[in-house]
Amino acid sequence: MNATPKITRHPSVCPHDCPSACALDVEVIDGTTIGRVYGARDQSYTAGVICAKVARYAERIHHPDRLLYPLKRTGPKGSRSFERISWDEAIATIAREFTAREARHGAQTIWPYYYAGTMGRVMRDGINRLTHAKKYSRFNGTICTNLAWPGFIAGTGKLAGPDPREMAKADCVVIWGTNAVATQVNVMTHAIAARKERGAKIVVIDIYDNATMQQADMALCLRPGTDGALACAVMHVLFRDGLADWDYLERYTDAPRELEAHLRTRGPEWGARITGLSVAQIEAFAHLVGQTKRTFFRLGYGFSRQRNGAVNMHAASCIAAVTGAWLHEGGGAFHNNGHIYGWKQAFHEGHALRDDNVRVLDQSQIGRSLTGDAEALKGGPPVTAMLIQNTNPMSVAPEQALVAQGFAREDLFTVVHEQFMTETAAMADIVLPATMFLEHDDIYSGGGHQYVEFAGKLIDPPGECRSNHDVIAALAKALGAEHPGFGMTPRALIANILQESGLPSLETLEKVNWVDVQPDFEASHYTRGFAWPDGKFRFKPDWPAVPYVKAGGKSVGLAGPWAAMPTFPDHWEVLEEADADHPFRLATSPARSFLNSTFSETASARKREGRPEVLIHPDDAAGLGVASGDRVRLGNARGSVVVHAKVFEGVQRGVLVCEGVWPNACFIEGRGINTLTGADSPAPFGGAAFHDNKVWVKREV
Ligand SMILES: Nc1nc2c(c(=O)[nH]1)N[C@H]1C(S)=C(S)[C@@H](COP(=O)(O)OP(=O)(O)OC[C@H]3O[C@@H](n4cnc5c(=O)[nH]c(N)nc54)[C@H](O)[C@@H]3O)O[C@H]1N2
Ligand SMILES: Nc1nc2c(c(=O)[nH]1)N[C@H]1C(S)=C(S)[C@@H](COP(=O)(O)OP(=O)(O)OC[C@H]3O[C@@H](n4cnc5c(=O)[nH]c(N)nc54)[C@H](O)[C@@H]3O)O[C@H]1N2
Ligand code: SF4
Ligand SMILES: [Mo]
């Protein structure tokens, strides 16, 4: 008789691309099987709470559709005809194809392409070592943070702020441009604690009445891309009504008198016209934050995904400097803690081998690069081979029509290392099966908190899955790339990264699982001055001086119309505004049960999300003769998609919201929402303005 296996519980870390980077407590049933996943109770930011997606991770990790063996394509591109091959054959084929293309076009014809499908530092970033060792085209990961982070750093000089747990000690929490209930549930844990324990007010600023706005005491539903106008009107009221903290302004900021003068023409009527909010709403919000010193501005990514997003992020962060909220526990502005960790990965990523003459290609412009756009290719050779890890550009990248055309090229040799047969993997020549986080070792840190976290391998992978590091190491060997990192274990690389970054050792981390590296109150609240040489918060940003370092440890360089950015916070008119031919503005907001395109493979998430739908205001729907459930075609110069309409009161007129990066195949004509999004580079460092699209709408008969 078999004994019932004894379920044990082990610490781990959620690896997904989410600011919460939750500390987990995982049930392990046997050497290859997990049970339920819980939030760790004794990690003080996670505090026992995780999202439903990851609580039922057993469904994803033990999914019958997981990729288990290397595959090679046997039919036309995208036909999903593959046959199983051995790892030896897969690696030898890749080496042969890469080498042949390199011989013909030079090394830059090969473009390793990755993103944050895992946030583990070993598994996510190791691909750069191969890139630099082989002088392949370098990668500029613009898709997510390029508008948001520089916008925040422009004021403070640093990507850091008050301890995120201080939200629980605030008297007012402003949740701005993040649908936290869906995208980073732990923000709600701490904000709701403040409401329960201190009677704090929760303000939510978004473009539609989403699950987070439904939790708000004050809900501000504005037009997309107008947050800069809201911030200016609020600051105007603060100056006008004696709610600006002049002691603070004189001591800690660069140009308060000039700012006050600049805002004189930007009052609540001006703000109301641009945002679509009422004068009374703007005044009430300004008075609330002006009279509540302990106001915690929790600034998300969503409102930065507009062509003026960096300006808007900066403008929102300025309010805390006008009220002087920064000096108070529970007060200040927070976007991300990226700079507190001091991560250094020069060894791990092979920076010593980096050649700055090698071109850097823009992640967001993959459609342009693959279809031969000379500007996107920086005048260099065509891309004829790709190695892709941790990302699914055939669903998530903008200008999908070009992306699909590019991946369909018969002369493009594509290798995709994946956990599932994603839409990108389906276009590959060689598909390699990848481990999941519980099947390998790695380290993590939270953008939304302050812990460095270790997660060790808990179970064996199924089939022949290999980790990213193992694949990179095997390819390096076959391609003759040399660097000591290729011969190291993930644990040795973890130890190296921690040491280079001046963080606690792997031994320490393994004992305690996570280490709190929150700087002290003075540093977090900038009481000794902000992180610019003069110590002042900048109302007048010097955009080229903003330390935004990516792309293999190098600054990424300015992009877009950065020289035309306004001197002071403002409503910067560079949006893709509605016009006579495109009367609507479309935002492509995240879905609660998916994480970007991840989880769209699990039945429970599909069931919860239903089908792709576009939310439309009742009056707009009436004008178009559209009812809920009707099919509508949305279009612009980039293409068109057909989707079901859902009439919805909680958006402004003229605004459409389509939630979730569904696979293209789930849309009625097989073209997904990113058909409509653009890949032009916004200022100042590029990016992708996913929520800033003009479209027309027609009812389909
Ligand atoms: N469930 C779930 N969780 C996720 C993700 C997911 O797709 N699904 N994605 C993960 C990733 S990669 C990231 S980067 C984070 C992002 O998470 P967030 O910081 O929440 O950012 P977004 O998801 O882009 O958008 C947040 C909200 O901003 C709104 N918004 C759009 N334009 C504007 C605007 O102009 N002004 C204002 N005020 N609001 C606007 C959107 O409608 C949305 O409701 O979430 C992570 N977590
Ligand atoms: N319309 C629209 N498009 C968007 C957005 C939006 O709001 N609207 N948001 C954008 C944002 S913020 C982001 S960050 C991007 C994200 O876009 P992606 O980076 O493409 O994110 P995912 O879609 O989740 O895909 C990650 C993939 O990595 C795989 N993966 C996970 N772990 C591992 C691993 O250890 N090894 C390997 N080899 N693979 C692994 C997963 O199976 C998954 O298929 O999408 C962007 N696209
Ligand atoms: S909230 Fe984010 S970090 Fe936490 S478990 Fe869910 S996806 Fe992972
Ligand atoms: Mo993201």
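The second largest pocket in this predicted model has a volume of about 550 Å³. Of its 28 lining residues, Ala211, Ala591, Arg592, Glu609 and Glu659 are the closest to its centre.

**How to read the values**
- Residues are numbered from 1 along each chain as its sequence is written, while chains are lettered from A and ligands numbered from 1 in the order in which they are written.
- Because the model is predicted, local features need pLDDT of at least 70 and side-chain atom pairs count only at pLDDT 80 or more, while totals for chains, interfaces and linings use all residues; side-chain values use heavy atoms, with hydrogens and water left out.

**The second largest pocket**
- A pocket is an open set of points, on a 1 Å grid over the protein atoms alone, with protein on both sides within 12 Å along at least five of seven lines; a lining residue has an atom within 4 Å of a point.
- Grid points are joined across faces, edges and corners, and a volume is the space filled by probe spheres set on the points.
- The lining divides into 14 nonpolar, 4 polar and 10 charged residues. Here Ala, Val, Leu, Ile, Met, Phe, Trp, Tyr, Cys and Pro count as nonpolar, Asp, Glu, Lys and Arg as charged, and the others, Gly among them, as polar.

- The largest cavity holds about 130 Å³ of space, and of its 16 lining residues Cys18, Ser20, Cys22, Cys51 and Lys53 are the closest to its centre.
- Ligand 3 takes up the space of this largest cavity, in the sense that more than half of its atoms lie within 2 Å of the grid points.
- Residues around ligand 3 (a heavy atom within 4 Å) include Cys14, Ile50, Val185 and Leu595.
- The shell of ligand 3 has 9 nonpolar residues, 1 polar and no charged ones.

**Ligand 1**
- Ligand 1 has 32 residues around it, of which Thr183, Gly225, Asp227, Ser589 and Phe594 come nearest.
- A polar backbone atom of Ala182 is 2.9 Å from a nitrogen atom of ligand 1.
- A nitrogen atom of ligand 1 also lies 3.4 Å from a backbone N or O atom of Ile205.

Key. 1 Å grid on protein atoms, 1.4 Å probe; cavity = no way out; pocket = protein on both sides within 12 Å on 5 of 7 lines; lining within 4 Å. Polar contact = N/O pair within 3.5 Å; in protein donor to acceptor, adjacent residues only side chain to side chain.
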